[in-house]
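Visitor: I should like to be guided through a protein model, one question at a time. Please begin by showing it.

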Amino acid sequence: MYVDSHCHLNFPELAADLPAILDRMAANQVTHALVVSVNMPEWPGLMALVEPQANLWASVGVHPDYEDTPDPTPEELVRLSEHPKVVAIGETGLDYYRLSEPLDWQRERFRRHIRAARDTGLPLIVHTRASAEDTVRVLQEEKASEAGGVMHCFTENWEVAQAALDQNFYISLSGIVTFKNAQVVHEVAAKVPLDRLLIETDSPYLAPVPYRGKLNDPSKVIHVAEKIADLRGITVAEVAQASTDNFFRLFNKIKK
């Protein structure tokens with residue numbers, strides 16, 4: 001079986017097709033999916049989508065790319081994380097790709113999320129883009145290793161992966177690993193310890209080959225597993241089993 005460790009089923013293009021997506025997930029043996037929060041105004045809708053579904057789970061947090069949006073305090077994140085369906089804090093992190101300095105607000109947001117994760121004992125879901133050095137530094141400064149978590153949709157080099165692993169983090173690979181020109185990601189996929197590997201879609205984005213450029217959904221996470229198996233020279237079943245076991249180990253609030 002497979003698990004999608006990071007998706008956005010509450011986004012309109014997927015939420016409108018939820019029954020069909022759940023059917024496709026079942027057909028492809030994708031048993032669970034983690035629906036990840038990106039801002040607080042949309043969080044109640046995310047929870048309304050997740051609550052009725054036994055195999056969907058949620059996080060709570062604010063994406064680093066959302067500049068003009070309400071910022072929760074660590075105390076608010078802790079309170080909201082008490083919901084039985086909330087299994088992680090995030091997605092949080094740093095993203096300098098589209099934004100320019102001063103970005104102190106973004107770094108402070110990241111720190112608040114790390115503090116909430118440490119207070120709750122829930123893992124962090126970390127997004128990093130064009131900001132790897134600062135991301136690793138803030139994780140170290142805020143003792144994020146006490147909470148642990150996952151570097152989602154990982155696209156950095158092996159050195160950054162090692163730094164994240166040293167901080168008690170898992171590495172999650174998306175459909176990008178199926179792209180021919182993603183050589184850096186291929187190297188990480190081949191090297192990351194199997195007991196620290198997760199797979200995801202980040203849907204509705206980043207559809208894997210052979211669906212590249214099309215709408216993505218959790219049923220397509222099997223193609224991520226297939227490519228990783230090819231890169232590592234192991235069976236797809238081994239990748240599926242390891243990544244599923246890792247998912248339940250990390251997000252241990254979920255009961256199988």
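Guide: In α10, the buried residues are Val 239, Ala 240, Ala 242, Ser 243, Thr 244, Asn 246, Phe 247, Phe 248 and Leu 250; buried means under 20% relative accessible area, exposed over 50%, and partly exposed in between, with a 1.4 Å probe and protein chains only. Helices (H or I, at least four residues) and strands (E, at least two) are DSSP runs, numbered from the N terminus. The model is predicted: local features need pLDDT of at least 70 and side-chain atom pairs count only at pLDDT 80 or more, while totals for chains, interfaces and linings use all residues. Residues are numbered from 1 along each chain as its sequence is written, and side-chain values use heavy atoms, with hydrogens and water left out.

Visitor: Which elements do the buried residues of α10 pack against?

Guide: Packing is judged by contact, which requires heavy atoms within 4.5 Å. By that rule, the partners of the buried residues of α10 are the strands β1 (2–7), β2 (30–35), β6 (149–151), β7 and β8, together with the helix α9.

Visitor: How far apart are the end C-alpha atoms of α10?

Guide: The expected span of a helix is 1.5 Å times one less than its number of residues. Because α10 has 15 residues, it should span 21 Å, and this agrees with the distance between its end C-alpha atoms, 21 Å.

Visitor: Is Lys 256 buried or exposed?

Guide: Lys 256 belongs to the segment after α10 (236–250). It touches Asp 245 and Phe 248, not counting residues up to four places away in sequence. Since its relative accessible area is 71%, Lys 256 is classed as exposed.

Visitor: What distance separates the C-alpha atoms of Lys 256 and Asn 55?

Guide: Along the chain, Lys 256 and Asn 55 are 201 residues apart.

Visitor: What is the omega of the cis bond from Glu 101 to Pro 102?

Guide: Pro 102 is placed in the loop between β4 and α5 (104–120). The peptide bond that joins Glu 101 to Pro 102 is cis, and its omega is near 5°.

Visitor: What is the phi of Asn 168?

Guide: Asn 168 sits in the loop between α7 (158–166) and β7 (169–173). It counts as partly exposed because its relative accessible area is 38%. Although Asn 168 is not a glycine, its phi is positive, at about 75°.

Visitor: What is the phi of Leu 206?

Guide: Leu 206 occurs in the loop between β8 (197–199) and α9 (221–232). Its relative accessibility is 29%, so it counts as partly exposed. Leu 206 is not a glycine, yet it has a positive phi of about 55°.

Visitor: What is the radius of gyration of the protein?

Guide: The protein has 10 helices and eight strands, and 59% of its 256 residues count as buried. The radius of gyration is taken over C-alpha atoms, and the globule rule is 2.2 Å times the number of residues to the power 0.38. For 256 residues, a compact globule would therefore have a value near 18 Å, and the protein agrees with this at 17 Å.
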